[in-house]
Amino acid sequence: MKNRIVLKIVGMARRYRVNQKYKDRIFRMIFHKKKDLLSLYNAINGTNYTNPDDLEIRTLDDAVYLGYKNDLSFLISDTLNLYEHQSTVNPNMPLRGLLYFTNMLKAYVEEKKCNIYGSKLVQLPVPRYLVFYNGSDSMPDVSVLSLSDAYMRTADVSAGKGDMDGPIQEAIKAADPALECRAVILNINKGHNIELMAKCERLEAYAFFVSRVRAYLAAGCTLEASVDRAIDDCVTNDKLTDILVKNRAEVKNMLLTDFSEKKYRKILVEEAIAEGREEGRLLTIRIFREAKENPEITFEQIAEKVGCTVQEVEDTLKMIGIK
């Protein structure tokens with residue numbers, strides 16, 4: 001049963017959160033036109049496609065990406081591509097990619113009327129998953145995350161750990177793990193992947209814009225002033241003018257909203273604690289503290305430590321966006 005503190009947080013979240021239904025974030029806005037997305041694809045793959053109609057947008061309506069769309073999914077030639085932008089390091093990207101590809105392939109099979117129960121092999125496009133990272137944590141130019149890194153390996157289920165040996169076990173070993181998904185992480189902060197930036201003008205311009213915002217913040221400017229001055233710098237240098245001039249207010253609102261969402265969660269917890277019942281207050285403090293002090297901790301471990309149900313932990317943390 002949900003405690004009162006959780007319900008309090010839910011109510012406040014509805015009042016504080018603004019613009020969460022924005023369909024496009026800045027990265028997606030920059031590459032929403034086929035010709036621009038095609039230029040990014042060419043820069044990454046060393047191809048020279050010139051016809052934007054060769055690219056077919058496949059972005060799902062009901063994405064699994066944190067409540068808003070920030071993905072770019074498209075089909076070109078024989079590849080099914082998923083591009084995502086991230087400003088935080090997230091080791092769970094392969095799992096998210098797998099879930100997304102599952103839905104995309106399901107839609108593809110249904111659309112093409114493929115008979116997956118027939119004797120003929122169904123031909124599928126090759127899935128490729130790229131994550132464009134521009135967070136402040138240090139990351140190499142290129143790295144790869146694999147779903148198999150998340151698999152639990154115990155003595156009785158790991159391939160090669162059993163006592164038996166033979167063709168069945170060899171086949172199991174060869175097919176282990178049965179599912180894999182790899183995410184290629186590209187660092188698109190200014191100064192990284194210079195060759196790629198040189199090939200894609202809009203990607204370089206986006207990196208320039210983000211770097212200018214950070215520079216003004218570091219100099220002591222407010223977020224709003226930093227965004228304004230960064231936009232002016234881009235316009236002066238003829239970078240992303242088609243986006244930043246026409247959609248200046250929307251871009252500012254997106255950045256200010258993202259910033260506020262990171263800050264308001266703490267406010268929600270503090271206000272809920274101040275107004276909630278004593279038991280709810282103490283429970284929320286303990287859940288919040290465990291989650292913040294150990295980002296890798298599971299819901300089950302938190303529940304065991306603080307003496308509550310897993311559902312209470314899950315509801316509390318999901319409502320305030322901590323986990």
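Reader: Are Phe101 and Tyr129 buried or exposed?
Author: Heads-up, this is a predicted model: local features need pLDDT of at least 70, side-chain atom pairs count only at pLDDT 80 or more, and totals for chains, interfaces and linings use all residues. Residue numbers start from 1 along each chain as its sequence is written, and side-chain values use heavy atoms, leaving out hydrogens and water. Buried means under 20% relative accessible area, exposed over 50%, and partly exposed in between (1.4 Å probe, protein chains only). Phe101 and Tyr129 are both buried.

Reader: How many aromatic pairs does a search of the whole structure find?
Author: Rings of Phe, Tyr and Trp (its six-membered ring) pair if their centres lie within 6.5 Å. Searching the whole structure that way, the number of aromatic pairs is 8.

Reader: Is the pair of Tyr41 and Phe74 stacked or edge-to-face?
Author: Planes under 30 degrees apart count as stacked, over 60 as edge-to-face and the rest as tilted. The ring centres of Tyr41 and Phe74 are 5.8 Å apart and the planes are at 85°, so this pair is edge-to-face.

Reader: How many residues apart are Tyr41 and Phe74?
Author: Helices (H or I, at least four residues) and strands (E, at least two) are DSSP runs, numbered from the N terminus. Tyr41 sits in helix H3 (residues 34-45) and Phe74 in strand E2 (residues 71-76), so to speak distant parts of the chain, and the gap is 33 residues.

Reader: Why does Phe74 count as buried?
Author: Think of the burial cut-off again, under 20%. Phe74 counts as buried because its relative accessibility is 0%.
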